[in-house]
Amino acid sequence: MNHLLEVKDLVTCFHTDDGDVTAVDRVSLHIDRGEIIGLVGESGSGKSVTMMSIQQLISPPGYVKSGEVYLDGVEGNLLTYKADSEKMRSIRGGRISMIFQEPMTSLNPVLTIGYQIQENILQHTDLDPEAAKKKAIEMLKMVKIPDAEQRYNDYPQQFSGGMRQRIMIAIALSANPDLLIADEATTALDVTTQAQILEMIRSIAKKTNTAVIIVTHNLGIVARFAERIYVMYSGRVMETSKTWNIFKKSGHPYTKALLRAIPRLDDPKDRVLIPIDGLPPSPADRPTYCPFYKRCEYRKDSCKENAMPDLQEIGPDHYSACLLSQNEMQAKEIELRNRPQKAAPVKNIRDENVLEVEGVKKYFPILKGIMRRHVGDVKAIEDISYTLKKGETLGIVGESGCGKTTMARCVMRVYKPEAGIIRFNGIDIAGMKDKELAPYRSKIAMIFQDPFSSLDPRQTAGSIVEESLIINHSCKTEKERQEKVDRLFRLVGLDPSLKNRVPHEFSGGQRQRLGIARALSSDPEIIVCDEPISALDVSIQAQIINLLEEIQAKLGVSYIFIAHDLAVVKHISDRVLVMYLGHIVEIADCDELYKHPFHPYTEALLQAVPEADPDVEKTKPAVALEGEVPSIINRPAGCPFHNRCKHCMERCTKEVPQLTEFDSGHQVACFLFDKE
């Protein structure tokens, strides 16, 4: 056998009331020892089902219909072994390990992390309990868990998200597997933590000659870490080649469309993202011809008249499942390039401030004992000051726990700050009581991160949008309310005929449009966008970003845009505010901050962002920022960033730098730029 793992014509189906539905359709792939490959595509493309099928982890009503899976050193086709056989159990977790997307649900909350690692070692090796414990501690050290011996007996909930994902990696690697599958393993993590963990996986893989399959919809990640890529769509592999070819010489229209839909750090500000129109076909209604036909800009009548094409070689080690020849593709590309491009919406940013925040602090009490004694405070945000103009978008970035959402909730007066001023149109609302706040509540709205959990599953779409109109007495009659709901639906690109549907009947992108319509229903002057696109696919993200920009140009609303993805923040923001551990460390005009970051933390954040360009990724340092954000409860003395900063001076450990204007409109809190 030439490859470590070889998958041939894998077909996985699910039983439904209307018959069997094919989720994975004749997928073939391979991987060699020590190699890192990427598996990319939109949600529902069959990536995770393929990986689960390989390990016989598909449970009823699903089943693997046909195909072959060969693993080096194992006799015969793995799919011929029973899923619960001793042989398959020894392969799962032993020869093939998997890191899942959400570490908190994958780890057992009632067992210590040490026990969970030791359990896997005992299951798949010949070590005795004492030796297994010793190896478990070694694994914790390998994945850089500090004080491994002491933390061996801690529980999952005593660790941060990044640390929990490291523990999952320690469990996955504890039995020395030949193949590691990382299924969206860093999706929920900060950009810096994501870079650290993926770099650690790459380092361990190369050191131990372990093969790695990275399953993701983030094209930047595979550009940085993968050597080869498989692009999946609607249960099929549409294109596969070396990473450079996929990004620089992509041969399938779907790959090209994915690359056009993503914002990049080197994009000009006025670039309009080109989303992929429509949605992938349901597996139950998949056509016999190319499943991408309806969304494809390159399509021809012949594409619909022929069966779904198989992968064909279009270059050295480069395969694409498309009927069009490369000459036809190039001719169509020239035609598309010469087509008039949609102009970016023109904003109307006024000099007048809609929001002024000065010296805002928010503390949460620490209570202990039966009597709930107040023993201290969690200082979530400290001395926050900034302004927001009418019609402007202020981007807010920083790692999890830095206080972004807490600050936004203070602005909305969900939280009452301990100190400071929050002026909305010149009126201080920071200390107002609930009754006094009533007229202002409707003027600051929010779009939430998860479009599904933020919508009431029992309400219809129309009633969700209408609710705010009823509460705020915005319309005099039922007829006026319904007319306004219809207008809001059309404004966000939804058909008013969908008003009577409930949230689960909408796609992810449609649900987020519904959330935007709800936010707009109270005619707000400020909308807080709290990670509004992180739960969406690349193509849907582009639609929502374009929609937000169009609404802002049309209505003149101001945005506070909170996000981890710095490329998205650059695309949509006019100014950017960088937070770290409850402090603002830098504020600047968007282009200025991305071209000339002053604060070492901002610089590290920008270096950590994976870009969808292998050539750019080669020039970046392996890990831009070591360590984790310290606990807010045990905030370090002096500059909050000093224990992770490569430029740390003695002064930084004792004094807290103040936010000062170093250049025109460019403020930074760092002693490196102290004018004195």
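How many bridges join strand β3 to strand β7, and do the two run parallel or antiparallel? Select residues 36–40 for β3 and residues 211–216 for β7 in this predicted model: the two strands run parallel and are joined by five bridges. Within this pair, pick out Val-40, which has Thr-216 of β7 standing opposite.

Now widen the selection to the whole sheet, which is open, has eight strands in the order β5-β6-β7-β3-β8-β9-β11-β10, and shows mixed pairing. At its edges stand β5 (96–99) and β10, each of which has a single partner strand, so that one side of each is left without a neighbour in the sheet. From one strand to the next, the twist averages 25°.

Gln-312 stands opposite Ser-320 in β11, and in the hairpin, which has two residues between the strands, Asp-317 takes a positive phi near 55°.

Finally, select Asn-245 in helix α10, residues 243–248. Asn-245 counts as buried because its relative accessible area is 15%, below the 20% cut-off. Its side chain makes a polar contact of 2.9 Å with the side chain of Ser-241, and, leaving aside residues up to four places away in sequence, Asn-245 touches Ser-250, Pro-316 and His-318.

Notes. Residues are numbered from 1 along each chain as its sequence is written. This is a predicted model: local features need pLDDT of at least 70, side-chain atom pairs count only at pLDDT 80 or more; totals for chains, interfaces and linings use all residues. Side-chain values use heavy atoms; hydrogens and water are left out. Two strands pair if DSSP finds at least two bridges between them. Helices (H or I, at least four residues) and strands (E, at least two) are DSSP runs, numbered from the N terminus. Axes are lines fitted to C-alpha atoms, for helices over the stretch in contact, and angles run from 0 to 180 degrees between N-to-C directions. Buried means under 20% relative accessible area, exposed over 50%, partly exposed in between (1.4 Å probe, protein chains only). A polar contact is a pair of N or O atoms within 3.5 Å; within protein, one must be able to donate a hydrogen and the other to accept it, and residues adjacent in sequence count only if both atoms are side-chain atoms. Contact means heavy atoms within 4.5 Å.
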